[in-house]
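This report describes selected features of one protein chain. Please examine the sequence and the coordinates before reading on.

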Amino acid sequence: MANPKISLITCTYFRPDLLRRTIQSVQKQSMEDYEHLIISDHCPFAEFVYSEFSDDKRIKFIKNSQPHIYNLGACSFNIGIENSKSKYISYVLDDDILYENHLEEHVNGLKNSNNSWFHSNFDNIEFNEPNNTVKNIVSLDYKTICDMALKLRERDGFRPMSFDVGALCHRQNINLRWTPQSKMAGGWEDTVFMSKLGVDQKDKIYTTIKVNWGGIHRKTTKGLNETYFDKLMKKVKVNSDSYGGYELIEDPLVYPEFKNTLYG
């Protein structure tokens, strides 16, 4: 596909089970003319997950070849922007789920926007202790996830000032790139990027489900819950010559019994 209508970027790091489900949700898009750029930020598992979908030529796998620095996706997003083949850029995080209208609404939103960006609305799923685990997330099917999200939408109502990169799209030719967390004086990467982009409103159309499970606060376990992290680390061995510093020694899916849970 030489010039797809839109490029979708996913950054991924140490989340093979979650990444697989995100890719599945992308493949369900109503708009089929897209490219999905999966950017591995020194992740020893991502390429294996990609290999299961390599027959889908819309999916592209790219490794961050620069030395690893602490960031929350910024490095990968910049690589995705630079390698995109369309004039529109959209995002999905590797633990979130897309509604089928995500890319279609983003393309239409950008076409009809006077801005260089478009922000759709998004639903939330909350996984509170002790349920904020990878296993609990990947064990849920799509209908259950949607039902949970709709209940929270009814409870909380419309949130006009709540923004998230997973609901953002923008034109490819913007003169702006992401700043990694380790190079900022303060603030979150996505908040800083969207502020510089000028994002100040969002459309009423819902296109994605954000999974709020607190992973970002678990630095000692690479953003994962402890049980999942321990099981995942048994699938690698330390090897300074390997990508990311680890060598994969077996299938990285910790919960293979849930491989097809999302859509049955």
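This is a predicted model: local features need pLDDT of at least 70, side-chain atom pairs count only at pLDDT 80 or more; totals for chains, interfaces and linings use all residues.

## Salt bridges

The structure holds 15 salt bridges. Three of them are set out in the table, with the separation of the nitrogen and oxygen atoms.

| Arginine 15 | Aspartate 95 | 2.9 Å |

The side chains of arginine 15 and aspartate 95 meet in a salt bridge. This pair links distant parts of the chain, 80 residues apart: arginine 15 belongs to the loop between strand S1 (6-12) and H1, and aspartate 95 to the loop between strand S4 (88-91) and strand S5 (97-98). Arginine 15 has a relative accessibility of 14% and therefore counts as buried. Aspartate 95, at 8%, counts as buried as well.

Since lysine 259 lies in the segment after strand S11 (246-248) and glutamate 52 in the loop between helix H2 (46-51) and strand S3 (59-63), the pair ties together parts that are 207 residues apart in sequence. Lysine 259 is partly exposed, at 24% relative accessibility, and glutamate 52 is partly exposed at 29%.

Arginine 155 is exposed, with a relative accessible area of 53%, whereas aspartate 156 counts as partly exposed at 29% relative accessibility. Elsewhere, salt bridges that share partners join Arg15, Asp94 and Asp95 into one network.

## The largest pocket

By class, the lining has 13 nonpolar, 11 polar and 11 charged residues. Elements that each supply at least two residues of the lining are S1, helix H3 (74-83), helix H7 (189-197) and strand S9 (206-212).

In helix H4 (residues 102-111), the buried residues are His102, Leu103, His106, Val107, Gly109 and Leu110. These residues cover an arc of only 165° around the axis, which puts them on the same side of H4.

Helix H8 (residues 226-233) has Tyr228, Phe229 and Leu232 buried. Seen down the axis of H8, the buried residues fall within an arc of 100°, so they line one face of the helix. Among the elements that cover the buried residues of H8 are helix H1 (16-26), helix H5 (134-138) and strand S10 (236-238).

## Two loop residues

Aspartate 56 is found in the loop between H2 and S3. With 11% relative accessibility, aspartate 56 counts as buried, because the cut-off for that class is under 20%. If residues up to four places away in sequence are left aside, aspartate 56 touches Gln27 and Tyr34. Aspartate 56 and glutamine 27 are 29 residues apart along the chain, and their C-alpha atoms are separated by 8.9 Å.

Asparagine 239 is placed in the loop between S10 and S11. With residues up to four places away in sequence not counted, asparagine 239 touches Gly245, Tyr246 and Glu247. Asparagine 239 and asparagine 115 are 124 residues apart in sequence, and their C-alpha atoms are 47 Å apart in space.

## Backbone geometry

Most residues other than glycine have a negative phi, and most peptide bonds are trans. The following residues are of interest against that background.

Histidine 42 has a positive phi of about 60° although it is not a glycine. Histidine 42 sits in the loop between strand S2 (34-40) and H2 and is buried, with a relative accessible area of 11%. Lysine 222, also not a glycine, has a positive phi of about 55°. Lysine 222 lies in the loop between S9 and H8 and counts as partly exposed at 24% relative accessibility.

A cis peptide bond joins glutamate 129 and proline 130, with omega about 0°. Proline 130 is found in the loop between strand S7 (121-126) and H5.

Methods
Residues are numbered from 1 along each chain as its sequence is written. Side-chain values use heavy atoms; hydrogens and water are left out. Buried means under 20% relative accessible area, exposed over 50%, partly exposed in between (1.4 Å probe, protein chains only). Helices (H or I, at least four residues) and strands (E, at least two) are DSSP runs, numbered from the N terminus. The arc is that of the directions from the helix axis to the C-beta atoms. Contact means heavy atoms within 4.5 Å. A salt bridge is a side-chain nitrogen of Lys or Arg within 4 Å of a carboxyl oxygen of Asp or Glu. Ala, Val, Leu, Ile, Met, Phe, Trp, Tyr, Cys and Pro count as nonpolar, Asp, Glu, Lys and Arg as charged, and the others, Gly among them, as polar.
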